[in-house]
Amino acid sequence: MALDTGDTAFMFLCTGLVQFMTPGLAFFYGGLVRSTNVLAIMLQSYAALGFVFILWYIVFFSLAFGKSVGGLIGDPRTFFFWDNVHVHEPIGQNLT
């Protein structure tokens, strides 16, 4: 199983769109509060983005790509803290 350049490009595109969406969401939330609280609300949006990134690194990557548990979700212990993730191999080859 080789890495597909189209799939990789799509993932980069989606990641970039989420990064582009975060300031827009911060400005939207900033428009809903008083002018004295705009900066605090915008920083909360960026803090939430960082928090979700850390959770992705620790657990959610395993839930998405780990060994199947009942065919619905991945086992969080498979790649906990990116353990057993090899840089030069596709994820599907690690599970066999």
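## A report on a predicted model

F81 is partly exposed, with a relative accessible area of 42%. This value, like the others below, comes from a predicted model.

**Overall layout**

The protein has 96 residues, of which 17% count as buried. Its secondary structure consists of 3 helices and 2 strands. Read from the N terminus, the order of these elements is α-α-β-β-α.

**Helix 1 and its packing**

Helix 1 covers residues 5-31, which is 27 residues. From first C-alpha to last, helix 1 reaches 40 Å, close to the 39 Å expected at 1.5 Å a residue.

Which residues of helix 1 are buried? They are T22, A26 and G30. An α-helix has 3.6 residues a turn, so residues three or four places apart point the same way. The buried residues of helix 1 pack against helix 2 (38-65).

T22 can be followed in more detail. This residue of helix 1 counts as buried because its relative accessible area is 8%, and the limit for buried is under 20%. Leaving out residues up to four places away in sequence, T22 touches S45, Y46 and L49. A polar atom of the T22 side chain also lies 3.0 Å from the backbone oxygen of V18.

**S62 in helix 2**

Helix 2 contains S62, a buried residue with a relative accessible area of 0%. What does S62 contact beyond its neighbours within four places in sequence? The list is G74, D75, P76, T78, F79 and F80. With F79 there is also a polar approach: the backbone nitrogen of F79 is 2.9 Å from a polar atom of the S62 side chain.

W82 is not a glycine, yet its phi is positive, at about 60 degrees. N84, also not a glycine, has a positive phi of about 70 degrees. Both residues count as partly exposed: W82 because its relative accessibility is 37%, and N84 because its relative accessibility is 45%.

**A nonpolar patch on the surface**

F81 and W82 also belong to a nonpolar patch on the surface, whose other members are W56, Y57, F60, F65 and F80. Together the residues of this patch have about 670 Å² of accessible area. F80 is one of the residues in contact with S62, while S62 itself is buried.

**Residues side by side**

The table collects the relative accessible areas of the residues described above.

| Residue | Relative accessible area | Class |
|---|---|---|
| T22 | 8% | buried |
| S62 | 0% | buried |
| F81 | 42% | partly exposed |
| W82 | 37% | partly exposed |
| N84 | 45% | partly exposed |

Notes: Residues are numbered from 1 along each chain as its sequence is written. This is a predicted model: local features need pLDDT of at least 70, side-chain atom pairs count only at pLDDT 80 or more; totals for chains, interfaces and linings use all residues. Side-chain values use heavy atoms; hydrogens and water are left out. Helices (H or I, at least four residues) and strands (E, at least two) are DSSP runs, numbered from the N terminus. Buried means under 20% relative accessible area, exposed over 50%, partly exposed in between (1.4 Å probe, protein chains only). The expected span of a helix is 1.5 Å times one less than its number of residues. Contact means heavy atoms within 4.5 Å. A polar contact is a pair of N or O atoms within 3.5 Å; within protein, one must be able to donate a hydrogen and the other to accept it, and residues adjacent in sequence count only if both atoms are side-chain atoms. Patches are made of residues with over 30% relative accessible area and no salt bridge: like charges are joined within 9 Å, nonpolar side chains (Val, Leu, Ile, Met, Phe, Trp, Tyr) within 5 Å. Accessible areas come from the Shrake-Rupley method with a 1.4 Å probe; for residues, only the protein chains shown count as cover. A salt bridge is a side-chain nitrogen of Lys or Arg within 4 Å of a carboxyl oxygen of Asp or Glu.
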